[in-house]
Amino acid sequence: METLEIIGALVTLLGSIFIFLGGLGIVRMPDLFNRIQAGTKASTLGTILSLFGLAIINEAWIWKLLVIIFFVLITNPVSSNVISRAAHFRGIKMTDKTVADLLVDKSNKPGEE
Amino acid sequence: MNIRNVTNLFVLLFLIWLLLTGTFELTSLLLGIVIAGGLSLIFGKNSNVFGKLRLTPKVFIYSLHYLIVLSWEIVKSNVDVALRVINPKLPINPGIVKVKTKLKSPMGRMILANSITLTPGTLTIDIKDDEFYIHWIDVKTLDPEIASQEIMGKFEKILEVIYG
């Protein structure tokens, strides 16, 4: 009982570390697309680990938490995809480090459709 | 009315019901059947999202295998992005690359695009027919063939079996 609680707490702590790194990434990254990369996704594992830690602490919740993880996995990519797509069509500037943008070369510049 | 679509949706909804309630009492099961049946009749009859999916044991095993592969990729790439964030030099090399998929079914493409987005480091921005435009945090190559293999080779192989 005791050890399970400690293991669960450690897993949740690991998850919150990942969420923290995701937040740090939002501050450090140079443009919107890289912020989405760090922010919405370094936190994927963070959320999963946090919920998983809770499942270890309280086994009665495990199925419900698995359903929540499932929904996070389904909805998370949709939101980041929609935001980045809208930003790209709106013409948000990308950082100077950007190597290539093959989507723009495709004669479908925003506003010219 | 698409029978297979309705039944597949019903099975999925009823599974979620079982997981959320967590009991096998008769009243709860009956209520779940009524709710899942009603919802799948209302929303399933005019769409064909789950119509192509066949619930065979082979599909089930491959789905499980897919989940394991996906989880491992999520862990690997999460650590990768986290390490980039804490590195003082911020070693990123971003860009949007184009890749081509072999998958035909809309459902398979959707799952592939979402899996690519879920693994940090790659982010699907747009889909035009069989071309995916992907924001890659560390561009290694601009060649569509090699990039496809690098980004989604593992996923595509399994999804091809499930959705064809």
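**Close-up views of a two-chain predicted model**

The structure holds two aromatic pairs over all chains. This is a predicted model, in which local features need pLDDT of at least 70, side-chain atom pairs count only at pLDDT 80 or more, and totals for chains, interfaces and linings use all residues. Residues are numbered from 1 along each chain as its sequence is written, chains are lettered from A and ligands numbered from 1 in the order in which they are written, and side-chain values use heavy atoms, with hydrogens and water left out.

**View 1. The aromatic pair A:Phe70 and A:Phe71 is tilted.** Rings of Phe, Tyr and Trp (its six-membered ring) pair if their centres lie within 6.5 Å; planes under 30 degrees apart count as stacked, over 60 as edge-to-face and the rest as tilted. The ring centres of A:Phe70 and A:Phe71 are 5.9 Å apart and their planes stand at 45 degrees, so the pair is tilted. A:Phe70 is partly exposed, with a relative accessible area of 37%, and A:Phe71 is partly exposed at 39% (buried means under 20% relative accessible area, exposed over 50%, partly exposed in between, with a 1.4 Å probe and protein chains only).

**View 2. The aromatic pair B:Phe10 and B:Phe14 is stacked.** The centre-to-centre distance of B:Phe10 and B:Phe14 is 5.9 Å, with 10 degrees between the planes. Both residues belong to helix α1 (residues 3-21) of chain B, where B:Phe10 and B:Phe14 are four residues apart and therefore separated by about one helical turn. Helices (H or I, at least four residues) and strands (E, at least two) are DSSP runs, numbered from the N terminus. B:Phe10 is partly exposed, with a relative accessible area of 26%, whereas B:Phe14 counts as buried at 18%.

**View 3. Helix α3 (residues 62-90) of chain A crosses α1(B).** Two packed helices are described by the angle between their axes and the distance between the axes. The axes of α3(A) and α1(B) come within 7 Å and cross at roughly 135 degrees; axes are lines fitted to C-alpha atoms, for helices over the stretch in contact, and angles run from 0 to 180 degrees between N-to-C directions. The two helices are therefore oblique to each other (angles under 35 degrees count as roughly parallel, over 145 as roughly antiparallel, 65 to 115 as roughly perpendicular and the rest as oblique). A:Trp63, A:Lys64, A:Val67 and A:Phe71 of α3(A) make the contact with B:Ile16, B:Leu19 and B:Leu20 of α1(B), where contact means heavy atoms within 4.5 Å.

**View 4. Helix α1 (residues 2-28) of chain A packs with helix α3 (residues 57-86) of chain B.** The angle is about 50 degrees and the axes are 9 Å apart, which makes α1(A) oblique to α3(B). On α1(A), the contact residues are A:Phe18, A:Leu21, A:Leu24, A:Gly25 and A:Arg28, and on α3(B) they are B:Asn78, B:Val79, B:Ala82, B:Val85 and B:Ile86.

**View 5. Helix α4 (residues 106-118) and helix α5 (residues 144-163) pack together in chain B.** Their axes are 10 Å apart at an angle of about 155 degrees, which makes α4(B) roughly antiparallel to α5(B). Among the residues that meet are B:Ile111 and B:Leu112 in α4(B) and B:Phe155 and B:Leu159 in α5(B).
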